[in-house]
Amino acid sequence: MSLTAARPVTVVPLRGALIRGLLAGLIAGIIAGGVGFMTGEALIEQAISLETAASTSETHTHQAAVASDGAKAEHSHDAGDDALVSRDVQRAGLPLATTLTGGALGVIFAVVWNVCTRRVNGRATPNAVALALAGWLAVAAVPFLIIPPNPPAVGSSESIDHRTAIWFVAVLLGLGAVIVWYVLRRWIQTQNPTSPLASIYPVAASIILIATGWMLMPATGTDYSGFPADLLWNFRMSAAATQLTLWVCLGLSFQFLIKRYSQRDRRP
């Protein structure tokens with residue numbers, strides 16, 4: 001995977017790259033939100049139903065235990081009715097969240113793309129699609145392997161901080177793996193441009209780094225007992241598809257907008 005395309009490029013000012021990155025990110029976020037809604041909303045509903053059923057069962061068990069001790073049993077079925085955010089708002093919030101996330105991601109992506117443009121000194125244009133795939137590997141794929149997302153009813157609120165810390169370290173690990181691949185590949189090409197090892201060694205080094213970090217990472221301590229395996233798998237596949245859609249659409253949209261800018265800039 002090459003991050004640059006060997007052709008002359010019209011250097012895009014940072015301001016122009018940021019505007020196009022923001023627009024590309026918003027487009028990608030809207031599309032990814034649609035994918036997430038279509039593939040994951042029904043799965044979330046199933047998970048919430050399981051969580052509600054489990055909570056109701058625990059409440060009744062507790063009330064029965066209290067009643068068996070001669071105490072007054074009080075029925076309370078309002079636990080699931082006092083949610084801070086209603087399901088309708090949550091449904092609308094998913095596309096909105098992915099759109100806002102895509103916009104912010106697009107701005108960061110434009111900055112990285114602009115830095116890559118300056119590093120090659122205008123000799124080649126960075127391949128936005130390849131750069132987006134590298135970002136997906138670092139920020140989405142590696143963390144997904146180490147700490148995959150869980151639907152409602154899986155995991156406890158007490159472990160949120162622990163799981164968030166693991167996810168953050170996993171993102172750093174993914175970024176480190178991509179940087180190692182890029183630096184090692186450039187170094188081998190500088191030493192011996194025709195060496196076939198320029199493609200093999202960087203990938204192997206990145207895989208070793210990810211595997212080592214994976215083995216050293218502490219366990220999340222999540223309890224999956226009693227949760228349907230097929231529902232868990234489908235939810236994770238939906239999350240993976242949403243992330244992949246976001247990054248691919250970001251790369252394609254940004255590449256298109258930058259190409260239009262270059263063509264306009266070359267017009268007499």
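This is a predicted model: local features need pLDDT of at least 70, side-chain atom pairs count only at pLDDT 80 or more; totals for chains, interfaces and linings use all residues.
**Notebook: helix packing and core contacts**

Entry 1. The crossing of helix 3 and helix 4 is right-handed. I then noted which residues make the contact. Helix 3 contributes Ala-134, Ala-138, Val-139, Val-142, Pro-143 and Ile-146. From helix 4 come Ile-166, Trp-167, Ala-170, Val-171, Leu-173, Gly-174, Leu-175 and Val-178.

Entry 2. I looked up the geometry next, since two packed helices are described by the angle between their axes and the distance between the axes. For helix 3 and helix 4, the latter spanning residues 160–191, the angle is about 135° and the axes are 8 Å apart. Angles over 145 degrees would count as roughly antiparallel and those from 65 to 115 as roughly perpendicular; helix 3 and helix 4 are therefore oblique to each other.

Entry 3. I turned to the nonpolar cores. The largest one has 21 residues, and Val-12, Phe-109, Trp-113, Trp-247, Leu-250 and Phe-254 have the most contacts inside it. At least two of its residues come from each of helix 1 (14–68), helix 2 (87–119), helix 3 (128–146) and helix 6 (229–266). Helix 6 supplies the largest share, 8 residues. I also recorded another core, apart from this one, with 9 residues, including Ile-147, Ile-166, Ile-210 and Met-217.

Entry 4. I listed the surroundings of Phe-254. Setting aside neighbours within four places in sequence, I found Phe-254 in contact with Ala-17, Arg-20, Gly-21, Ala-24, Phe-109, Ala-110, Trp-113 and Ala-128.

Entry 5. I checked the aromatic rings and counted 2 aromatic pairs. In one of them, Phe-109 and Phe-254 are edge-to-face, at 5.3 Å centre to centre and with 85° between the planes. Phe-109 belongs to helix 2 and Phe-254 to helix 6, so this pair ties together parts that are 145 residues apart in sequence. Both Phe-109 and Phe-254 are buried.

Entry 6. I recorded the pair of Trp-113 and Phe-254, which is also edge-to-face, with 5.3 Å between centres and 75° between the planes. This pair likewise links distant parts of the chain, with Trp-113 in helix 2 and Phe-254 in helix 6, 141 residues apart. Trp-113 is buried, as is Phe-254.

Entry 7. To close, I put the rings together: ring pairs link Phe-109, Trp-113 and Phe-254 into a cluster. Each of these residues is among those with the most contacts inside the largest nonpolar core.

Notes:
Residues are numbered from 1 along each chain as its sequence is written. Side-chain values use heavy atoms; hydrogens and water are left out. A nonpolar core is a set of buried Ala, Val, Leu, Ile, Met, Phe, Trp, Tyr and Cys residues joined through side-chain atoms within 4.5 Å. Buried means under 20% relative accessible area, exposed over 50%, partly exposed in between (1.4 Å probe, protein chains only). Helices (H or I, at least four residues) and strands (E, at least two) are DSSP runs, numbered from the N terminus. Contact means heavy atoms within 4.5 Å. Rings of Phe, Tyr and Trp (its six-membered ring) pair if their centres lie within 6.5 Å; planes under 30 degrees apart count as stacked, over 60 as edge-to-face and the rest as tilted. Axes are lines fitted to C-alpha atoms, for helices over the stretch in contact, and angles run from 0 to 180 degrees between N-to-C directions. Angles under 35 degrees count as roughly parallel, over 145 as roughly antiparallel, 65 to 115 as roughly perpendicular and the rest as oblique. A crossing is left-handed if the near helix is turned anticlockwise from the far one by less than a right angle, and right-handed if clockwise.
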